Amino acid sequence: MEYAYDDQNIFAKILRGEIPNKTVYENDHALAFHDIQPQAPVHVLVIPKGPYMSLDHFARDASADEQAGFFQAVAAVCDQMGLEEGFRGISNTRGHGVQEVPHYHMHIIGGKPLGRMLSV
Ligand code: 5GP
């Protein structure tokens, strides 16, 4: 599969500082910030700083340091947002996954019971 990253996507603009964000955590390889349209009391997006389009792209091509930095950010978000009761991590991917922003991101959603995973 070919991955053609578009650096005009909204999260690339956030990473370049062209659009503001409410940062929760940042390290050398990842940024975590509040979703602009939260679906639950906690709704944070964790994104890598590298140009990866999707979960499968990131899993295939990101370095070990980038992947470690990303998951350190996930852990920091879970600590900071008080998610001891549980949460859901979601990575919508391309058309069938209804991904709107073509820069890899994981939604960290919680703060209330979320119901079953899918209603299709
Ligand atoms: P997707 O459907 O791609 O998995 O989710 C994209 C998410 O990005 C949505 O939940 C949407 O609310 C969020 N989003 C879109 N534009 C912005 C923005 O400019 N700032 C922030 N913080 N979130 C955004």
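## Ligand site in a predicted model

A polar backbone atom of His 34 lies 2.9 Å from a nitrogen atom of the ligand. This is a predicted model, where local features need pLDDT of at least 70, side-chain atom pairs count only at pLDDT 80 or more, and totals for chains, interfaces and linings use all residues. Residues are numbered from 1 along each chain as its sequence is written, and side-chain values use heavy atoms, without hydrogens and water.

| Residue and atom | Ligand atom | Distance |
|---|---|---|
| His 34, polar backbone atom | nitrogen | 2.9 Å |
| Val 101, backbone N or O | oxygen | 2.9 Å |
| His 105, polar side-chain atom | oxygen | 2.8 Å |

The protein covers 86% of the ligand's 520 Å² of accessible area on its own (Shrake-Rupley method, 1.4 Å probe).

The shell holds 16 residues around the ligand (a heavy atom within 4 Å). Asp 35, Asn 92, Glu 100, His 105 and His 107 come nearest. By class, eight shell residues are nonpolar, six polar and two charged. Both α1 (10-15) and β2 (30-34) supply at least two of the shell residues. The largest share, three residues, comes from α1. Helices here are DSSP runs of H or I with at least four residues, and strands are E runs of at least two.

Now the fold. Four helices and five strands make up the chain's elements. Their order along the sequence is α-β-β-β-α-α-β-α-β. The radius of gyration, over C-alpha atoms, is 14 Å, close to the 14 Å from the globule rule for 120 residues, so the chain is as compact as a globular protein of that length. That rule is 2.2 Å times the number of residues to the power 0.38. Along the principal axes, the C-alpha atoms fill a box of roughly 35 × 35 × 30 Å.

Conventions:
A polar contact is a pair of N or O atoms within 3.5 Å; within protein, one must be able to donate a hydrogen and the other to accept it, and residues adjacent in sequence count only if both atoms are side-chain atoms. Ala, Val, Leu, Ile, Met, Phe, Trp, Tyr, Cys and Pro count as nonpolar, Asp, Glu, Lys and Arg as charged, and the others, Gly among them, as polar.
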